Amino acid sequence: MSKRWLINYLLIILIVIFTWIGNTYPIKPGDSAKKDSLTRYKPQDITSIKVETADNTIQLSKQGNNWSIESPISWSANNVTTERLTTLASAKPHSKLPKNQIDLSSLGLNIPKAVVTLNDVSIYFGTTNNIGNRRYLLNGPNVYLADDIHYAFINQGLTGLVDNRLLPFQLELISLKLTDIKLVKHAAGWSADTATTDEKQNKAATQLVNNWRQKQASNIQHYSNTQAPLNKIMAELANRDQIEFFVLSIQPEIIIARPDLKIQYHFPKHEYYSLFSINPPNE
């Protein structure tokens with residue numbers, strides 16, 4: 001009985017002590033988030049991203065709900081991938097240590113693998129920890145150990161951040177010239193060459209254009225100019241700018257290149273008729 005009462009007394013004393021600490025040093029709303037997050041920003045606050053690696057520097061900016069690549073090319077960015085990159089701002093590190101108390105070179109931070117600047121905050125990427133798939137990050141005066149979920153997007157470079165659609169919807173497209181057909185936009189929609197009352201043909205033309213605007217490449221790679229194009233395709237915009245595509249391959253996969261952007265889009269071969277024909281063989 002005496003031991004049980006002693007334990008009860010100790011518990012009461014601990015409760016009194018913790019209550020006093022809580023009343024004396026209350027946690028203010030938001031203090032925990034500010035302490036735990038890698039930066040002071042939330043993902044939705046990020047409107048500018050710069051990704052620097054040994055290979056290149058990529059600058060992205062956000063306008064409305066869409067991300068764009070400003071350099072080294074000027075084109076639409078992959079919104080999904082870029083938004084995932086913004087979550088770096090609110091990453092929750094597992095631990096932190098002042099950088100002046102550690103050898104940065106031993107963590108790969110003396111010459112970082114990448115630097116990502118979110119608005120005005122630069123985050124340096126070091127090596128990974130051998131346990132738990134975590135990476136060392138440097139931000140300001142501190143080194144952090146955080147889950148390694150962002151470097152994969154960075155490591156892909158430009159091909160991982162560019163929009164994987166051929167002609168994103170934000171472009172004001174007015175014509176699309178394929179090998180043997182030209183699709184033209186009219187007030188009532190799309191048709192082949194000139195306006196027609198053939199509802200079936202117009203519907204097929206509209207669907208083909210939508211495929212060019214909606215279909216997502218299964219893979220994007222750097223443009224390989226070692227082979228002559230099989231065909232050329234021309235898209236014209238409302239401002240009279242023209243976009244030229246090279247069809248490099250049909251088998252074993254479809255490869256459509258943008259030589260001006262130095263990238264090429266890869267599609268599975270079964271997408272052939274959805275990208276190049278308004279009259280599939282089964283019709």
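These are my notebook entries on a predicted protein model, from its overall make-up to a few residues I looked up.

**Entry 1: ground rules**

I number residues from 1 along each chain as its sequence is written, and side-chain values use heavy atoms, with hydrogens and water left out. Since the model is predicted, local features need pLDDT of at least 70 and side-chain atom pairs count only at pLDDT 80 or more, while totals for chains, interfaces and linings use all residues.

**Entry 2: the whole protein**

I began with the secondary structure and found seven helices and 17 strands. Both are DSSP runs numbered from the N terminus: helices are H or I with at least four residues, strands are E with at least two. Next I looked up burial, and 41% of the 283 residues count as buried. Buried means under 20% relative accessible area, exposed means over 50%, and partly exposed is in between (1.4 Å probe, protein chains only).

The protein exposes about 16,700 Å², an area that comes from the Shrake-Rupley method with a 1.4 Å probe; for residues, only the protein chains shown count as cover. Among contacts between residues at least 6 apart in sequence, 55% join residues at least 24 apart.

**Entry 3: the open sheet**

In which order do the nine strands of the open sheet run? I read it as β4-β3-β2-β1-β6-β7-β8-β9-β5, with antiparallel pairing. Two strands pair if DSSP finds at least two bridges between them. The edges are β4 (75-76) and β5, each of which pairs on one side only.

Within this sheet I followed strand β1 (residues 48-53), which pairs with β6 in the antiparallel sense over five bridges. There K50 stands opposite T117 in β6. T117 counts as buried at 10% relative accessibility. Its side chain is joined to that of S122 by a polar contact of 2.9 Å. Such a contact is a pair of N or O atoms within 3.5 Å; within protein, one must be able to donate a hydrogen and the other to accept it, and residues adjacent in sequence count only if both atoms are side-chain atoms. Leaving aside neighbours within four places in sequence, T117 is in contact with S48, I49, K50, E52 and S122.

**Entry 4: two hairpins**

I then moved on to strand β10 (residues 173-177) and strand β11 (residues 182-186), which pair in the antiparallel sense over three bridges. They form a hairpin with four residues between them, and L176 stands opposite L183 in β11. β11 also pairs with strand β12 (residues 189-192), again antiparallel, over four bridges. Two residues connect β11 to β12 in a hairpin, where K185 stands opposite W190 in β12.

**Entry 5: aromatic rings**

How many aromatic pairs does a search of the whole structure find? I noted five. Rings of Phe, Tyr and Trp (its six-membered ring) pair if their centres lie within 6.5 Å; planes under 30 degrees apart count as stacked, over 60 as edge-to-face and the rest as tilted.

The rings of F125 and Y151 are tilted, because their planes stand at 35 degrees, with centres 6.1 Å apart. This pair links distant parts of the chain, with F125 in strand β7 (residues 121-129) and Y151 in helix α4 (residues 151-155), 26 residues apart. F125 is buried at 2% relative accessible area, and Y151 is buried too, at 16%. The charged end of R135 sits over the ring of Y151, 4.2 Å from its centre. For this I need NZ of Lys or CZ of Arg within 6 Å of the ring centre and within 35 degrees of the ring normal.

W212 and F245 make an edge-to-face pair, because their planes are at 75 degrees, with centres 5.3 Å apart. W212 lies in helix α6 (residues 199-214) and F245 in strand β15 (residues 242-249), so the pair ties together parts 33 residues apart in sequence. W212 has a relative accessible area of 0% and is buried; F245 is likewise buried, at 0%. The charged end of R258 sits over the ring of F245, 5.6 Å from its centre.

**Entry 6: a loop residue**

Is N110 buried or exposed? I found N110 exposed, at 57% relative accessibility, in the loop between β5 (95-98) and β6 (114-118). Not counting residues up to four places away in sequence, N110 touches L104 and S105. I also checked L138, which is 28 residues from N110 in sequence and 10.0 Å away in space, C-alpha to C-alpha.

Technical notes
Contact means heavy atoms within 4.5 Å.
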